[in-house]
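Okay, thanks for having me, everyone. Let me put the structure up, and then we'll walk through it together.

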Amino acid sequence: MMKRFLPFIIIGAVLLLAIGLGWMLVRSTESSSETKLPAEARPETSNSNTPSGANPPHVRGEASAPVTLEEFGDFQCPPCGGLYPELKKLEAEFGPRLRVIFRERPLIQAHEHALLAARAAEAAGLQGRFWEMHDQLYEHQKDWSELKEARTVFEDYARLVGLDMERFKRDLDGPAVETRIFLDGARAHALGFDSTPTLMLNNREVPFATLAKPDGLRAAINTALSGTGP
Amino acid sequence: MTSVPQRLYGIAAAISLVGLGDAIYLTVEHLTGQSVRCTISHGCSEVLSSSYAVVAGVPLAVLGAAAYFSVFSLAILAAFGYRLAGKLLTVLVGIMFLMTLWLTFLQAFVIRHFCQFCLLSALVTLVLTGLVIALWRRMQA
C-alpha cells in the first residue's frame with residue numbers, strides 16, 4: 001500500500017524543496033542588494049576623498065538641478081543600452097530638476113569593443129559632441145556589438161554627428177581620451193563599482209533591485225525630490 | 001532487490017536534481033537583476049540579458065526548472081515500474097538534448113559569452129541523455 005504512494009510522496013517533497021530553495025535565493029539577493037534604510041539615512045557612497053573622475057564631467061541638464069544622476073556606463077553592455085531610452089524619458093519628464101552625468105566604465109574583459117566605444121565618445125567630447133556620439137553608440141548598440149571590427153562604424157557615427165574627421169581619428173588613439181577614461185575608471189574603482197550600469201543618485205548608489213523594478217528609478221528620483229523641498 | 005534499469009532511473013532522478021537546483025538559481029538570477037546589469041567576472045549577465053534568454057515572455061531558466069522537475073518525476077515513476085513514464089522520459093530528454101545543443105551553439109557563436117551555470121545545465125542534460133540511451137539499449141536487448 002505504502003509503495004503505491006511512495007513515488008508521489010518523493011515527487012511532492014522535491015517540489016516543496018524546490019520552491020523553498022527558490023524562495024531562499026530570492027530572499028538572499030534582496031537582503032544583499034537592498035538596504036532597509038531609506039536613501040537619506042544611508043551614508044553617501046561618494047565623499048570628498050573619492051577621486052572625482054575626469055574633469056569636467058559630461059553633464060546633461062541644469063547645474064542647479066536638485067537631483068543628479070551619475071551613470072557609470074559601458075556602451076556595449078546590453079542593460080546600459082536598455083537604460084538609455086529610460087533615462088531619456090526621465091530627463092524629459094523631470095526637465096530642469098534632473099541632471100545626468102556620464103562616466104566611462106568600459107568592462108574590457110567582457111566586451112571587446114567597449115574600450116574603443118568609450119574612446120570614440122571621449123574623442124567626440126574633445127570636439128564638444130560627446131552626447132551626440134553617446135546617443136549614436138547606444139541607439140545602434142546592437143548593430144556594432146557583434147561586428148568583428150567596429151572602428152569603421154564609429155567613424156561613420158563621427159561623420160554623422162559632424163566631427164572634424166582628421167582630428168577624430170587622431171584623438172581616438174590619443175592620450176587625452178585615454179586619461180579621461182582612466183580618471184573615470186579610478187573613480188569607479190574607488191567606489192567599488194564593477195558592474196554596469198551603476199547609478200548614483202545625489203552621490204548615493206542606486207541598488208540594482210531598484211533598477212530591476214519597472215519605475216524603480218522614477219520612484220527613487222521622486223523620493224529624492226520630495227526630500228529637497230518644494 | 002533493485003534491477004539495473006531501476007538503478008539507472010534512480011541515478012537519472014538524482015542527476016536531474018542537480019539540473020533543477022541550477023535552473024532555480026538561474027531563474028532567480030534572471031528575475032532579480034542579472035538581466036539588468038553587466039559584470040566583469042562572468043558572462044552570465046551577457047547570456048541572461050540576451051534576447052535568447054526569454055521565449056514568449058517566459059525566462060528559459062523557468063522552462064529549464066520545469067523540465068528538470070519533470071525528468072525527476074518521470075524517472076522516479078519509472079523506477080517504481082510505471083512503463084509509460086519511462087517512455088515519456090526518453091522523449092523529454094531527447095527534446096532537452098536538442099535544446100541544449102542549440103543553446104550551447106548560441107553561447108559559443110552568437111552571444112560569444114559562456115555562462116558557467118548554463119554550461120552545468122548542458123552537462124547534466126548530456127549525462128541524462130547517456131543514461132536514457134543506456135536504458136533504451138537494455139530494453140532493445
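So, where the chains meet: 28 residues of chain A are in contact with 23 residues of chain B, and contact here is C-beta atoms, placed from the backbone, lying within 7 Å. Keep in mind that this is a predicted model, where local features need pLDDT of at least 70, side-chain atom pairs count only at pLDDT 80 or more, and totals for chains, interfaces and linings use all residues. Residues are numbered from 1 along each chain as its sequence is written, with chains lettered from A and ligands numbered from 1 in the order in which they are written.

Strand 4 of chain A and strand 1 of chain B (residues 38-39) run antiparallel, joined by two bridges, and DSSP has to find at least two bridges for strands to count as paired. S195(A) has T39(B) as its bridge partner.

Now the sheet in chain A. This one is open, with five strands in the order 1-3-2-5-6 and mixed pairing. Strands 1 (58-60) and 6 (204-205) of chain A are at the edges with a single partner strand each, so one side of each has no neighbour in the sheet. Strands 5 and 6 of chain A run antiparallel, and L201(A) stands opposite R204(A) in strand 6.

L201(A) leads us to helix 10 of chain A. Leaving out residues up to four places away in sequence, L201(A) touches A220(A), I221(A) and A224(A), among others. Those three are the buried residues of helix 10, buried being 20 or more other C-beta atoms within 10 Å of a residue's own, exposed 12 or fewer, and partly exposed in between, again with C-beta atoms placed from the backbone. They sit on the same side of helix 10 because they cover an arc of only 100° around the axis, taken from the directions from the helix axis to the C-beta atoms. On the face turned away from that buried side are the exposed A219(A) and S226(A).

Conventions:
Helix = DSSP H or I, 4+ residues; strand = E, 2+ residues; numbered from the N terminus. Contact = placed C-beta atoms within 7 Å.
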